[in-house]
Amino acid sequence: MRYAETGFNLEIDLSRGNIERVETDPRLTELYLGGLGTNAKILWDRVSPETEPFSPDNLLIFSTGLLCGTPAPGANRTIVTTYSPQTLLMGYSMMGGFFAPELKYAGYDKIIFRGKSPKLIYLWIHNDKVEIRDAAHLQGRGAVETQELIRRELNQPNAQVAAIGLAGENRVYTASIEQGRSSCSRLGIGAVMGDKRIKAIAVRGTKDVNLARPEEFIELCNDVLKYIKDREDKPIPGVMPILAGLGSPQEMKHVDEKWHTENFSWGNSRVRRKDFWTKEVEDKWRETQLKARTRLISCYNCPMKCGAIISLEGMSTYMMKCFTKLTYTMAAFVDDLDFGFRIAQRATEYGVDGFSTPQIMAFAFELKEAGILTDADFAGCPEDNEGKFYWLLDRIVRREGIGDVLANGTHWAAQQIGKGAEAYAHNNIKKHEQLPLKLGMLNPVYFLMYCTGEKANITQIEGQFPQAPFPTMEEREDFVKDWVHVPEEKFKQYLLDWEMRGERSNPTYPTVDMSVDIVDWQEKMHYIDDALGVCAGLSSFPLKPPYHIHNYPHFISSATGIEMDEARLTEVYNRNRNLMRAINIRRGLKREDEKPPEDHWRKRFPELEEKLLDAYYKFKGWNKDGIPTKETLQKLNLGYVAEDLEQRGIINNE
Amino acid sequence: MSDVKKKIKNIKIDLDKCNGCRACEMICSAFHANPKYSSNNPARSRIRLVRDPIRDVYLPVYAGEYASAECMGRDKYVIDGKEYGECSFCRASCPSRDAFKEPDSGLPLKCDMCEDLPPGEKPLCVQVCLNEALIYEEREEEAAEAEKPEDVEIGLSSLADKYGLQTVMETLARLSKKE
């Protein structure tokens with residue numbers, strides 16, 4: 001018997017309409033755990049680096065994490081992996097919700113799509129019964145609406161459905177996959193789903209998920225629940241409210257948006273409005289949010305309430321989480337939060353990424369102002385800030401007129417438009433739109449994470465270590481007192497010595513080596529979460545989370561029976577980290593691509609930045625170009641990767 | 001006839017506090033697995049979350065008595081503008097739906113308030129519900145102790161029901177003559 005995992009994948013050949021249930025090799029679980037780790041292995045083995053994202057040869061993998069469906073709180077993430085049409089690198093996007101556990105209960109760890117369907121379809125998985133069904137009647141339907149329609153037509157109220165909207169069908173590069181309150185939004189994964197002509201996947205499972213050492217495992221789960229309860233009663237002092245507790249940033253719970261509205265940039269990541277958050281705005285926004293929000297909700301088996309049901313008069317209900325309430329509002333320069341909730345409803349039905357899409361629109365209107373795009377491009381567009389955003393959103397998801405160009409994201413749109421438009425696509429890393437955040441002094445830890453993150457998305461890397469030093473020694477000592485999460489004691493000293501100003505402050509402190517250590521720890525936790533399917537909100541993202549490097553090995557070994565300790569788990573992390581790097585290197589990733597947006601910090605230090613990157617690469621066992629060395633790969637049982645890179649002349653045959 | 005004290009176990013369900021996570025379903029199915037916690041499968045759970053986010057319906061329901069037949073008529077309740085089918089509140093395992101049945105055998109499931117737990121411990125669904133949508137209560141009630149009819153009397157009265165008292169008496173008389 002297999003424990004925690006089911007030991008079976010579904011292989012769907014869309015071109016031929018073939019469905020197979022394939023047993024997996026348990027040895028791969030020991031090496032890569034599951035989720036993102038085994039997804040990367042499959043992508044490396046089966047999709048050649050020359051494959052175009054919209055080729056039938058590209059795979060689209062929906063994976064559960066290793067612990068999904070077990071009693072581990074918050075183990076509910078679905079990890080979707082493919083080649084991204086936007087970055088052209090390995091794209092992985094993740095969602096919480098209820099899909100991954102349901103897939104496990106149906107008896108599968110992953111669904112692997114290959115080929116391309118001749119017509120729009122949806123997949124219906126009901127335990128051993130798996131059908132490809134016609135979806136012609138769902139064409140053009142909203143992503144939320146589609147989930148309801150499918151549940152109704154199957155007469156399966158408990159089925160979990162992941163669907164794309166119009167944006168995915170039209171292969172918009174910022175298309176998302178929506179599922180209940182959750183979505184895989186980043187990197188254009190929804191466009192690949194649309195390209196394969198998959199409108200939705202519905203799953204219902206009523207089978208068991210087994211544990212190797214149940215008594216031990218349940219004890220660990222109880223400890224985590226108890227920790228969550230205690231931790232929620234003790235928010236961390238001295239950090240902003242959305243980061244003081246657990247979960248993903250508590251944007252649905254908190255109404256105080258002083259920090260975001262005054263520190264993040266408005267428009268096309270340009271303007272800071274330092275006096276925005278007045279009493280009047282605060283009262284109005286509170287009223288709007290509390291009225292729109294019907295209930296705070298969670299994902300499967302998690303006590304947190306990071307999401308909300310949003311019901312506004314005159315439009316259908318949808319669900320929301322995190323930061324999207326502000327992204328459209330701020331990109332459009334609209335001072336009314338009601339607009340944010342309303343346009344997000346339309347955007348969610350269309351199925352688009354709430355981070356990139358508003359920035360694309362702000363970018364377009366900046367180009368219009370600069371005369372690079374013309375009035376003809378915007379013929380029929382209303383003048384008011386709200387109206388013009390709705391208008392352009394409609395064009396983008398339908399790929400009409402200028403919308404067709406913009407649907408490829410700011411990087412590719414700028415290339416296509418030319419005439420200096422490239423300078424306006426200024427907030428990208430590896431062709432991907434970033435948080436609209438512009439700061440003063442370079443932070444060495446964040447510099448490294450921005451540069452080297454394989455996903456090109458900061459929130460998927462950060463966590464664990466405070467974003468800024470605490471002003472007084474008293475506060476620092478208080479913080480490190482119960483900081484059991486550190487992998488080594490030295491991290492406490494890093495924090496104790498970190499000052500707001502002077503010698504031991506940014507950019508030279510944390511020092512280069514310390515910065516590398518901190519980044520390695522933060523990355524490690526994310527890579528483990530993404531293999532296990534545990535939500536970053538209970539692990540790698542917040543300060544002092546319930547899951548950490550010291551209790552994770554016990555979770556893994558008691559769930560699966562695989563022998564695991566901190567050293568072994570670190571090795572798995574290094575293996576997955578290097579495999580992902582190798583995939584992207586093989587796709588053409590270069591050192592020169594590893595840089596933050598030029599204007600991310602006002603004060604930059606080119607020499608120090610080179611040192612940081614050098615030190616990080618060295619620490620990882622990579623060469624000066626950021627390519628894993630043969631020795632590094634071989635040590636991690638990745639000899640087959642080294643061999644391939646050698647054959648391609650990417651690493652030397654010495 | 002005398003009054004006796006009876007312990008009533010009660011779970012108060014606060015629908016407004018439910019965040020819809022289904023931890024209650026998960027832990028129920030894990031606890032009732034054999035060996036304990038060796039597997040979990042919400043479809044085996046004795047508590048079900050009737051969940052319809054778009055209509056903001058979040059309703060945990062416990063499995064109660066088995067019903068061999070479905071109801072003849074069904075009603076709908078509208079509460080705070082939200083429509084609930086009558087079955088939403090119903091605890092029965094019945095032929096009209098697949099709730100509260102073992103997925104493999106179809107046998108009915110019933111909540112036992114985790115009676116295998118050490119005394120004093122709350123049912124596990126309550127323990128894992130950190131949002132306190134499920135609240136355990138115990139209360140004592142005075143109940144009239146029903147007179148316990150002797151087994152023979154029960155047997156005889158059921159025979160009387162079936163054949164009529166006269167027939168039973170005649171039979172008894174005939175039997176006593178034979179003795």
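## Strand pairing between the chains

In this predicted model, strand β13 of chain A (residues 209-210) is joined to β2(B) by 2 bridges, and the two strands run antiparallel. One of the paired positions is A:V209, whose bridge partner in β2(B) is B:N40.

## The contact between chain A and chain B

The contact draws 30 residues from chain A and 23 residues from chain B. On the side of chain B that touches chain A, two elements give two or more residues: α1 (23-31) and β2 (39-40) of chain B. The largest share of that side comes from α1(B), with 4 residues. Sorted by class, the side of chain B that touches chain A has 13 nonpolar, 7 polar and 3 charged residues.

## Chain A as a whole

Chain A contains 25 helices and 20 strands. Its C-alpha trace spans about 65 × 65 × 55 Å along the principal axes. The radius of gyration of chain A is 23 Å, which agrees with a compact globule, because a globule of 654 residues would have a value near 26 Å.

Of the 654 residues in chain A, 56% are buried. Contacts in chain A were also sorted by separation along the sequence: among those between residues at least 6 apart, 69% join residues at least 24 apart.

## A three-stranded sheet in chain A

Chain A has an open sheet of 3 strands in the order β14-β15-β16, with antiparallel pairing. Its edge strands are β14 (293-297) and β16 (318-321) of chain A, each of which pairs on one side only. On average, and with direction ignored, neighbouring strands of this sheet are turned by 30° against each other.

Within this sheet, β14(A) pairs with strand β15 of chain A (residues 307-310) in the antiparallel sense, over 4 bridges. Here A:R295 stands opposite A:I309 in β15(A).

## Two helices packed in chain A

Helix α17 of chain A (residues 444-452) packs against helix α23 of chain A (residues 606-620) at an angle of about 65°. The axes of the two helices are 10 Å apart, and the crossing of α17(A) and α23(A) is right-handed.

On the α17(A) side, the contact is made by A:P444, A:F447, A:L448, A:C451 and A:T452. On the α23(A) side, A:E609, A:L612, A:L613 and A:Y616 take part. By class, the contact of α17(A) with α23(A) has 7 nonpolar residues, 1 polar residue and 1 charged residue.

Note on methods: Residues are numbered from 1 along each chain as its sequence is written. Chains are lettered from A and ligands numbered from 1 in the order in which they are written. This is a predicted model: local features need pLDDT of at least 70, side-chain atom pairs count only at pLDDT 80 or more; totals for chains, interfaces and linings use all residues. Axes are lines fitted to C-alpha atoms, for helices over the stretch in contact, and angles run from 0 to 180 degrees between N-to-C directions. A crossing is left-handed if the near helix is turned anticlockwise from the far one by less than a right angle, and right-handed if clockwise. Two residues are in contact if their C-beta atoms, placed from the backbone, lie within 7 Å. Ala, Val, Leu, Ile, Met, Phe, Trp, Tyr, Cys and Pro count as nonpolar, Asp, Glu, Lys and Arg as charged, and the others, Gly among them, as polar. Two strands pair if DSSP finds at least two bridges between them. The radius of gyration is taken over C-alpha atoms; the globule rule is 2.2 Å times the number of residues to the power 0.38. A residue is buried if 20 or more other C-beta atoms lie within 10 Å of its own, exposed if 12 or fewer, and partly exposed in between; C-beta atoms are placed from the backbone.
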